[in-house]
Amino acid sequence: MASPPDTSKTTKLERYNSYIRRVNSTKLMAASSKLLFRATLLVALVLIFFFTLNYPPLSDNPHHVHTHPNFLSSAFYGSGASWEKQVRHSSTPRRPNGFSVLVTGAGGFVGTHCSLALKKRGDGVLGLDNFNDYYDPSLKRARQAMLSKHQIFIVEGDLNDAPLLSKLFDMVPFTHILHLAAQAGVRYAMQNPQSYVRSNIAGFVNLLEIAKAADPQPAIVWASSSSVYGLNTENPFSELHRTDQPASLYAATKKAGEEIAHTYNHIYGLSLTGLRFFTVYGPWGRPDMAYFFFTKDILQGKPITIYQTQDDKEVARDFTYIDDVVKGCLGALDTAEKSTGSGGKKRGPAQLRIYNLGNTSPVPVGRLVGILEGLLNVKAKKHVIKMPRNGDVPYTHANVSLAYRDFGYKPSTDLATGLRRFVKWYVSYYGIQTRVKKETLKRSDQLEESD
């Protein structure tokens with residue numbers, strides 16, 4: 001009888017192979033775990049790197065203005081065939097000898113209206129805006145959407161992003177720059193002074209640095225402010241009056257801008273025109289302006305604060321309607337002479353101008369409130385106090401004879417008419433028509449038809 005086969009060697013071999021497989025499997029799992037850990041760590045470090053670059057540290061100041069990231073704006077927005085196509089299409093003029101205009105602050109109040117006016121007449125318009133949160137960004141986004149419907153593209157980026165600006169100037173031979181981007185607001189400068197230096201001075205210098213190196217150099221029209229008159233007591237304010245006594249940091253940065261403009265004109269041959277705006281108001285306006293938040297508070301039944309001077313006089317402003325300011329901006333662009341430099345070198349004397357753009361009719365703030373009460377059909381709850389020392393001035397009054405002489409600037413909208421148009425827009429935009437007299441909207445419609 002045959003003996004059974006010896007399976008001990010086979011069993012041992014199978015056990016050994018199983019052991020080897022387990023060892024290899026364990027090694028593989030360990031190696032995979034290490035690789036996964038390293039990959040996760042690398043991703044985390046990359047994310048931390050991007051986060052650090054693109055988001056500033058949380059400020060102890062609750063009023064800190066957040067802007068969009070510089071790094072991403074140049075790396076992401078400044079590349080791609082679709083992005084470049086939008087930039088070129090938007091900036092290409094549609095009329096013979098039309099301008100190609102870079103409008104900074106295009107998502108802002110004046111920037112939006114000027115962009116639409118330029119596009120309407122056939123100029124090429126490319127916007128630039130960082131969409132910061134100084135006031136409700138959703139209003140800026142709504143303006144952006146409106147511009148987009150008119151084939152106006154806004155590049156989302158910051159004035160201090162030199163690579164992005166260089167990219168735009170490499171792509172587009174801008175004939176003009178309408179520089180309206182700025183950190184606005186007189187009182188806010190006491191809470192966040194750095195934002196004014198960063199935008200109104202550093203940002204302006206960065207833009208001029210790019211413009212001086214362009215070939216050809218563009219002509220530049222830029223927004224100064226009536227605030228530069230500061231403690232001046234002569235009336236009406238003339239471009240010949242002194243502007244060396246600013247009453248706020250905002251005013252000081254705008255005055256610094258005027259001196260910086262003089263320097264770049266003198267050294268590099270840039271054609272520069274500064275416009276001193278006087279309390280611009282109207283549809284799509286800024287929520288931080290008195291006429292805007294008065295309207296909001298009156299409709300909500302909240303008290304409004306009205307300032308008086310230290311000697312019990314009413315505070316008055318030369319309120320200027322947006323359409324009049326737009327005409328002034330376009331007039332300045334149309335009469336701006338070409339820059340004389342090339343590649344950063346001056347070839348001859350260049351144009352340097354400064355103008356007031358106001359309404360020439362100061363109105364007491366109390367009168368403004370009275371007009372709003374009539375339009376809104378609501379009695380305001382007024383809280384009258386002495387004007388604090390926060391940078392505000394008690395009175396503004398523009399002499400615009402120089403702007404009239406040089407480009408026919410002639411404001412034609414009185415405050416009652418302008419506020420009626422603003423209220424019509426306000427109640428429509430915020431969907432509160434039922435709170436306002438129907439007669440208000442009816443009168444506004446009749447007014448628009450007669451214009």
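The predicted model has a mean chain pLDDT of 86, and 78% of the residues reach 70 or more; pLDDT is the predictor's confidence in each residue, on a scale from 0 to 100. Where pLDDT is low, the predicted coordinates should not be read in detail.

Because the model is predicted, local features need pLDDT of at least 70 and side-chain atom pairs count only at pLDDT 80 or more, whereas totals for chains, interfaces and linings use all residues. Residues are numbered from 1 along each chain as its sequence is written, and side-chain values use heavy atoms, with hydrogens and water left out.

The secondary structure of the chain comprises 14 helices and 15 strands. These elements are DSSP runs numbered from the N terminus, with helices (H or I) of at least four residues and strands (E) of at least two. Of the 451 residues in the chain, 49% are buried; buried means under 20% relative accessible area, exposed over 50%, and partly exposed in between, with a 1.4 Å probe and protein chains only. Among contacts between residues at least 6 apart in sequence, 81% join residues at least 24 apart.

Helix α6 (residues 162–171) packs against helix α7 (residues 193–213) at an angle of about 35 degrees, and the axes are 10 Å apart. Axes are lines fitted to C-alpha atoms, for helices over the stretch in contact, and angles between N-to-C directions run from 0 to 180 degrees. The crossing of α6 past α7 is right-handed, that is, the near helix is turned clockwise from the far one by less than a right angle. Ala-162, Leu-165, Ser-166 and Phe-169 of α6 meet Asn-206, Leu-207 and Ile-210 of α7 in this contact. The contact residues comprise 5 nonpolar, 2 polar and no charged, where Ala, Val, Leu, Ile, Met, Phe, Trp, Tyr, Cys and Pro count as nonpolar, Asp, Glu, Lys and Arg as charged, and the others, Gly among them, as polar.

A salt bridge is a side-chain nitrogen of Lys or Arg within 4 Å of a carboxyl oxygen of Asp or Glu, and the count by this rule is 16. One of them joins the side chains of Arg-121 and Asp-334, at 2.6 Å from N to O.

In helix α8 (residues 249–268), Lys-255 and Glu-258 are separated by about one helical turn because they are 3 residues apart. Their salt bridge has its closest N and O atoms 3.9 Å apart, and both residues are buried. Lys-382 and Glu-373 form a salt bridge with a closest N and O separation of 4.0 Å. Lys-382 is partly exposed at 44% relative accessible area, whereas Glu-373 is buried at 12%. Salt bridges that share partners also join Arg-95, Arg-121, Asp-123 and Asp-334 into one network.

Ser-226 is located in the loop between β5 (219–223) and α8. Ser-226 is buried, with a relative accessible area of 9%. Apart from neighbours within four places in sequence, Ser-226 contacts Arg-276, Phe-277 and Phe-278.

Technical notes. Contact means heavy atoms within 4.5 Å.
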